[in-house]
Amino acid sequence: MVAQTRNTRVLVVEKPLPVFASGDVPGKLVSMVVAGVKSIPTKLTNRIRSRGCRIVVCKNLLEECPRFKNEPLDNGLEEAERRTWDNLPAISGRTTFIAERYKHDITKKIRRLEDPKETTRHEVCHVVDDYFSYNNWPISHRTQFRIAYNKDVGRLALSTKRRLFYYIQNTLETGRAEVFADVLAILCGGGCQKDCTGYSDEYFLRCFSNSRSYIERNILNGG
Ligand SMILES: [Zn+2]
């Protein structure tokens with residue numbers, strides 16, 4: 001019997017957020033992840049670092065955290081997209097994992113993460129959403145953000161809504177959290193939305209202009 005050895009995690013940088021490399025992940029991938037973290041304003045990364053948030057760059061999510069297999073993916077959207085733990089390239093939390101490889105949800109082929117910088121930025125923006133407030137109440141749950149988001153969604157054309165499927169799901173408020181993460185990520189240098197919508201970042205920001213104003217006013221320039 002071969003004993004399962006847990007990958008050793010090495011601290012690569014302490015600031016702006018602690019980033020750990022687990023096992024023999026490529027140095028280039030780790031540098032891209034660090035670059036993604038550095039593109040977020042330090043006032044935001046300082047805040048989430050003080051709450052114990054950190055990043056682990058690993059080969060594969062399930063290899064890194066076998067316990068995930070027994071945990072349900074916590075939103076209906078992931079199921080609607082046929083997402084499983086196998087085909088997630090990253091997951092945010094107090095410890096955010098960014099994986100080098102994941103299974104493509106349609107082709108089922110193992111692929112490498114192509115946009116580590118954007119993915120990291122997007123995930124860190126979810127962490128900002130979840131850990132910015134000291135009472136653990138996500139920013140995307142705040143009434144004023146909810147109003148801004150609903151205003152944006154309310155005026156989208158049906159054809160646009162179809163393409164923005166991932167961002168207008170109401171299941172467990174996932175859509176709103178995804179808009180928060182990607183609008184903030186775009187404002188910090190670029191998000192992940194292009195991959196599933198095919199829209200430019202500029203157009204995406206126009207679709208969610210009220211959400212954008214809220215984020216600029218309260219998170220980037222205020223707070
Ligand atoms: Zn997301």
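Which residues does phenylalanine 204 touch, not counting residues up to four places away in sequence? Phenylalanine 204 touches Ile186, Gln193, Thr197 and Tyr199, where two residues are in contact if their C-beta atoms, placed from the backbone, lie within 7 Å.

Before I continue, two remarks on the source. This is a predicted model, in which local features need pLDDT of at least 70 and side-chain atom pairs count only at pLDDT 80 or more, while totals for chains, interfaces and linings use all residues. Residues are numbered from 1 along each chain as its sequence is written.

To return to phenylalanine 204, its place is in helix α11, residues 201-207. Helices (H or I, at least four residues) and strands (E, at least two) are DSSP runs, numbered from the N terminus. Phenylalanine 204 counts as buried because it has 21 C-beta neighbours inside 10 Å. The cut-offs here are 20 or more other C-beta atoms within 10 Å for buried, 12 or fewer for exposed, and partly exposed in between.

Let me now turn to the chain as a whole. It has 12 helices and 7 strands, and buried residues make up 39% of its 223 residues. Among contacts between residues at least 6 apart in sequence, 65% join residues at least 24 apart.

The largest nonpolar core holds 54 residues, and Val19, Val33, Ile55, Val57 and Leu184 touch the most other members. Such a core is a set of buried Ala, Val, Leu, Ile, Met, Phe, Trp, Tyr and Cys residues joined through C-beta atoms within 7 Å. Helix α9 (residues 174-187) gives the most to this core, with 8 residues. Domain 1 (9-130) and domain 2 (139-220) both contribute residues, so the core lies between them; the domain bounds come from an automatic or database domain assignment. Leaving aside neighbours within four places in sequence, valine 57 is in contact with Val19, Phe20, Ala21, Ser22, Val25, Leu29, Val30, Val33 and Ile98.

How do helices α6 and α12 pack? Helix α6 (residues 143-154) and helix α12 (residues 209-220) meet at an angle of about 155°, their axes 7 Å apart. This makes α6 roughly antiparallel to α12, a label for angles over 145 degrees. Axes are lines fitted to C-alpha atoms, for helices over the stretch in contact, and angles run from 0 to 180 degrees between N-to-C directions. On the α6 side the contact involves Gln144, Phe145, Ala148, Tyr149, Lys151 and Asp152, and on the α12 side Ser209, Asn210, Ser211, Ser213 and Tyr214.

Finally, I draw your attention to the loop between β1 (9-13) and β2 (19-22), where lysine 15 lies. Proline 16 is found in the loop between β1 and β2 too, and a cis peptide bond joins lysine 15 and proline 16, with omega about 5°. In general, most peptide bonds are trans. Lysine 15 is exposed, with 12 other C-beta atoms within 10 Å. Its C-alpha atom is separated by 8.3 Å from that of arginine 49, 34 residues apart along the chain.

Note on methods: Angles under 35 degrees count as roughly parallel, over 145 as roughly antiparallel, 65 to 115 as roughly perpendicular and the rest as oblique.
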